[in-house]
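Thanks for asking me to look this over. My notes follow as numbered points, so please take them in any order you like.

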Amino acid sequence: MKLDIITLSVIQKALENIAEEMGIVLRRASFSPNCKERLDFSCAIFNRNADLLAQAEHIPVHLGAMFSSMETILQEFPTEELNPEDIIILNSPYQGGTHLPDVTFLMPVFIGDELSFFVNNRAHHADIGGSTPGSMPGISSELFEEGLIIPPVRLYDRGREVKDVMKLILSNVRVQKERLGDFRAQRASLIRGKDRLVELSKKYGYDYLIKACNELMNLSEEAFQEQLNKLIIPPEGVSFHDFLDSDGITDELVKICVNLSITGKKLLVSFKGTDSQQTGNVNAPRSVVYSCVYYVFRSLTDPTIMTNAGLFRNIEIEIPKGSLLDPCPPAAVSSGNVETSQRLVDVLLGALSRVLPEIPAASQGTMNNVSIGGFDSGGNPFTYYETIGGGTGGSMNYRGVSGIHSHMTNTLNTPIEALELVYPLRITRYSFRDDSSGSGLNQGGQGLIREIECLVDAVVSLQTERRKLAPYGLNGGEDGMKGVNIRRKIDGKEIILPGRAIVNFKAGETLIIKTPGGGGWGKLNDIREAT
Amino acid sequence: MPPLILLSSGGVTQIKNAAERSVETIFSGLAGGVLGGLYSCNKLQIRNALTLDIGGTSTDVASIVNGKIEISTENEIAGHPMHLPTVAVQTVGAGGGSIARYDHGILLVGPESAGADPGPACYSNGGTKSTVTDANLVRGLLNPDYFCGGVVKIYPKLAQNVISTLADDLSFSSIENCATGIIEIFENNVALALRKVSTERGYDSRNFTLITFGGAGPLHGCSLADRLSMKQVLIPPYPGVWSAFGLLTADIRHDLSLSVLKPLNEISEEELENGFTSIVEQGIQLCVDDGFLKEDVQIFRTLDIRLLGQSYELNTPFYGKIGEISRAFDRVHKQAYGYSSPDEPREIVNLRVAAMVPLPKFGLQSLPEGEREPVLEARSGKRRVFLTDGWQDVDIFQKSFLEANNLIYGPSIIEQPDSTTLIDENWVAEVKADGHLLVSRCS
């Protein structure tokens with residue numbers, strides 16, 4: 001069979017559909033609100049060489065991370081040691097993971113006797129053990145505090161659960177039943193993906209299918225190249241820098257620098273000049289940095305182009321070893337994935353704004369991670385984890401959007417009804433935060449206010465950013481308003497909490513999170529002058 | 001009988017009820033076609049079918065399982081959840097007017113559509129882009145002098161012009177190959193939607209009949225059945241207006257529900273029965289208020305159940321005994337997700353009741369009895385048509401002259417004012433007494 005454009009178009013659609021269907025199964029069969037309501041997971045398909053073939057674009061921060069986990073697994077498990085229906089589980093940030101709550105499942109797919117593809121999914125679990133419920137401690141200085149570290153190991157051996165490993169994992173997490181349910185949902189999703197790939201290979205023949213996959217990667221590479229050709233970057237490149245508020249342990253700003261340049265067909269992204277690795281948990285493993293770079297360039301390329309390894313083939317990323325962005329174990333990383341990633345996008349877009357006027361001003365630049373855990377009135381453990389939306393930046397043609405997640409996360413909110421049904425918490429306010437957006441020709445979006453009353457004593461852990469430095473405006477637009485975290489005591493007295501904190505709340509106390517607004521784009525005066 | 005309004009659930013209701021609860025009518029447009037499909041199923045005693053309604057801009061597909069329309073309570077409109085019983089329809093942006101465009105090395109068909117105005121290029125109404133209908137015309141499948149019974153004039157030359165430009169851009173060896181490619185991609189998109197309502201829900205499409213209608217449906221029936229390994233295609237007597245016909249077959253329906261949210265092992269059979277009794281009485285009263293007799297009301301009971309901790313419940317048939325309910329739920333869970341967890345605790349979320357009153361049905365006029373061989377008048381010559389093996393002379397039949405028991409072997413085309421049917425090679429159509437065409441693969 002020769003490769004023709006029609007079959008190629010059909011196969012592209014089929015691959016995308018398989019990744020999407022894997023996500024539907026995972027969502028519907030899962031137990032934790034974080035999976036089933038907020039869709040905090042991703043699904044992907046790889047060829048036997050670990051090249052990404054298709055990914056359902058659920059969570060951007062999983063984009064680059066999925067294939068770094070592939071590399072590690074192939075190092076740990078040579079292909080001849082893998083059998084049909086094996087499932088490898090992992091979460092170690094130093095072996096292909098991002099932060100510990102993100103648990104990856106991977107299954108080899110055999111066509112006949114031959115290992116031919118991999119299907120892979122990654123879900124953010126509401127708890128994976130460690131010092132605080134939710135495994136997102138506001139402050140931590142070693143990976144060991146952040147939860148159970150799972151290197152790549154078999155959780156299913158030829159389709160049979162490896163009971164010892166499962167027991168070991170479940171004994172180290174807070175809500176065992178929910179973890180088990182979500183693990184089963186992750187497995188069901190992989191099996192569905194595997195079945196569909198086997199069908200597809202049967203239909204077109206394995207060799208033909210692989211040829212088509214290679215061609216699809218080439219097409220994505222070409223599309224990326226087209227986009228790159230439009231970028232007029234001076235020989236010395238374009239640079240930008242911005243800061244994290246702190247690492248949670250000291251009060252110092254943490255600097256992130258980037259320089260973008262083009263050599264021949266390659267885009268070079270260098271993070272030279274970035275601060276070295278920190279004591280607190282703001283360190284980001286390489287896979288997170290890849291995700292951020294891929295996200296930014298993915299969103300600049302035509303959305304009809306397929307997301308696969310070809311799209312990113314000509315991006316080279318340079319990260320100083322031992323820096324914030326390539327830390328050495330056992331550095332703490334729990335906030336790298338959720339907060340440092342947002343600042344990485346801010347610096348990448350900032351650098352691009354020097355050559356592309358349509359780049360928007362900074363969005364809220366944080367995910368406002370809130371974890372609350374403890375025991376309900378019946379003595380059962382509970383763990384609530386959620387991130388909260390804010391304003392996005394204004395841009396040349398649009399105003400920012402209010403109260404949504406931006407950039408590296410794409411989750412929904414936990415509906416108030418669902419939250420109050422499951423947890424001993426009560427939402428006393430959920431609204432837009434007036435006047436929080438940066439003004440400008442096109443103003444930024446508004447932040448949110450979410451007030452959560454604890455109905456029992458609970459441990460509150462916060463990882464939030466943009467509490468000290470505001471999201472930047474562009475082209476004369478104003479900065480967005482900084483975020484604030486507040487503890488309201490039972491007598492009504494309000495205490496401002498730092499951006500990163502672990503605090504014991506008493507029953508009846510309320511946590512108030514006011515999230516940042518987006519930066520504005522363009523000088524406001526320009527309108528008046530024009531009219 | 002006063003005028004009635006069709007509901008998303010496939011029932012009809014009095015205008016005053018629809019005005020009070022207008023949200024129940026949001027998806028009614030999709031329900032008509034599925035009702036038409038159900039009517040066809042009942043006529044031919046078919047238990048399992050997929051309905052396929054191909055229109056100008058979109059295609060709607062749904063499944064009928066064990067003689068029942070699939071109803072879903074999880075729906076979304078414009079990003080907002082709508083948890084009301086609705087005929088479970090998948091819609092895909094692919095229809096006769098879908099535009100073919102070449103982008104970054106890939107040929108895409110739809111979701112952009114030329115619609116009815118300007119419509120496909122061949123309508124000569126200002127359309128300048130290649131559409132599915134243009135591709136079908138280039139392949140000779142449509143009769144330019146008998147489109148819409150000859151009321152709408154279509155121009156093969158215009159279709160050839162636009163497809164030929166696309167064929168040049170894509171370096172196709174011929175314009176026919178390009179047209180076939182457009183149809184291939186279009187049918188593949190529709191096949192993915194058909195899978196969503198069959199295999200993705202755990203149904204084996206091989207044992208299902210494909211019911212195709214909408215103006216463009218019967219051209220693609222055999223080919224789509226091949227893609228899903230289905231053995232049988234059913235074409236209603238009036239495919240182009242079958243959704244409209246379907247809504248005339250609807251019954252009076254009131255849906256009621258009662259939220260319970262209680263673990264299954266903590267609820268007694270008596271408690272369930274009492275819960276049901278309260279909403280059953282309400283349902284009967286609503287039908288009586290509509291002017292129907294109490295004894296004509298039919299009651300259907302179901303339960304929404306989920307594993308304790310899940311967020312999505314599954315609609316499960318109701319049996320009086322808790323043990324049977326529990327086993328029924330395991331079957332539904334396995335069907336939906338590929339596994340069941342009999343040892344896990346489960347909870348009842350809602351009790352649901354549909355109160356229905358059957359309305360009188362229309363009959364279809366019977367065709368005269370005929371032989372296996374159609375009468376001579378039914379044949380209106382041959383036409384050159386581009387099929388898988390290249391150009392072929394294909395027999396053309398006029399539907400209005402066909403009689404019951406006629407057999408029409410593929411490749412053949414059957415024309416009628418509201419649609420055109422293609423019987424592919426290796427398929428044979430049997431004309432049924434009420435005008436349905438039952439098309440089967442030749443063994």
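This is a predicted model: local features need pLDDT of at least 70, side-chain atom pairs count only at pLDDT 80 or more; totals for chains, interfaces and linings use all residues.

1. A word on terms before we start: contact here means heavy atoms within 4.5 Å. With that in hand, 13 residues of domain 1 of chain B are in contact with twelve residues of domain 3 of chain B.

2. Residues are numbered from 1 along each chain as its sequence is written, chains are lettered from A and ligands numbered from 1 in the order in which they are written, and side-chain values use heavy atoms, leaving out hydrogens and water.

3. Chain B is split into domain 1 (1-94 + 184-251 + 362-443), domain 2 (98-183) and domain 3 (254-357); such bounds come from an automatic or database domain assignment. Between the centres of domain 1 of chain B and domain 3 of chain B, taken over C-alpha atoms, there are 31 Å.

4. How much area do domain 1 and domain 3 of chain B bury between them? The figure is about 1100 Å², with 44% of it on carbon and sulfur atoms. Buried area is the accessible area (1.4 Å probe) that two parts lose on being put together, summed over both. On the domain 1 side, Gln14(B), Glu74(B) and Asp251(B) lose the most area to domain 3 of chain B, together 32% of what that side buries.

5. One salt bridge is found across the interface of domain 1 and domain 3 of chain B; the rule asks for a side-chain nitrogen of Lys or Arg within 4 Å of a carboxyl oxygen of Asp or Glu. Lys16(B) and Asp290(B) form a salt bridge, their closest N and O atoms being 3.7 Å apart. By class, the side of domain 1 of chain B that touches domain 3 of chain B has two nonpolar, six polar and five charged residues. In this scheme Ala, Val, Leu, Ile, Met, Phe, Trp, Tyr, Cys and Pro count as nonpolar, Asp, Glu, Lys and Arg as charged, and the others, Gly among them, as polar.

6. Now to the two chains. Their contact takes 31 residues from chain A and 35 residues from chain B, and together they bury about 2900 Å², 55% of it on carbon and sulfur atoms. Here, too, the rule finds one salt bridge across the interface. Glu199(A) forms a salt bridge with Arg195(B), and the closest N and O atoms are 2.7 Å apart.

7. Which helices of chain A supply at least two residues each of the side that touches chain B? They are H1 (5-29), H5 (176-204) and H6 (206-229), and the largest share, 13 residues, comes from H1(A). Helices (H or I, at least four residues) and strands (E, at least two) are DSSP runs, numbered from the N terminus. By class, this side of chain A has twelve nonpolar, five polar and 14 charged residues.

8. As a whole, chain A comes to ten helices and 20 strands. Its C-alpha atoms fill a box of roughly 70 × 65 × 40 Å, taken along the principal axes.

9. One local spot to look at is Val332(B), which lies in helix H9 (residues 322-337) of chain B. Val332(B) and Thr316(B) are 16 residues apart in sequence and 6.7 Å apart in space, C-alpha to C-alpha. Not counting residues up to four places away in sequence, Val332(B) touches Leu314(B), Asn315(B), Thr316(B) and Pro317(B).
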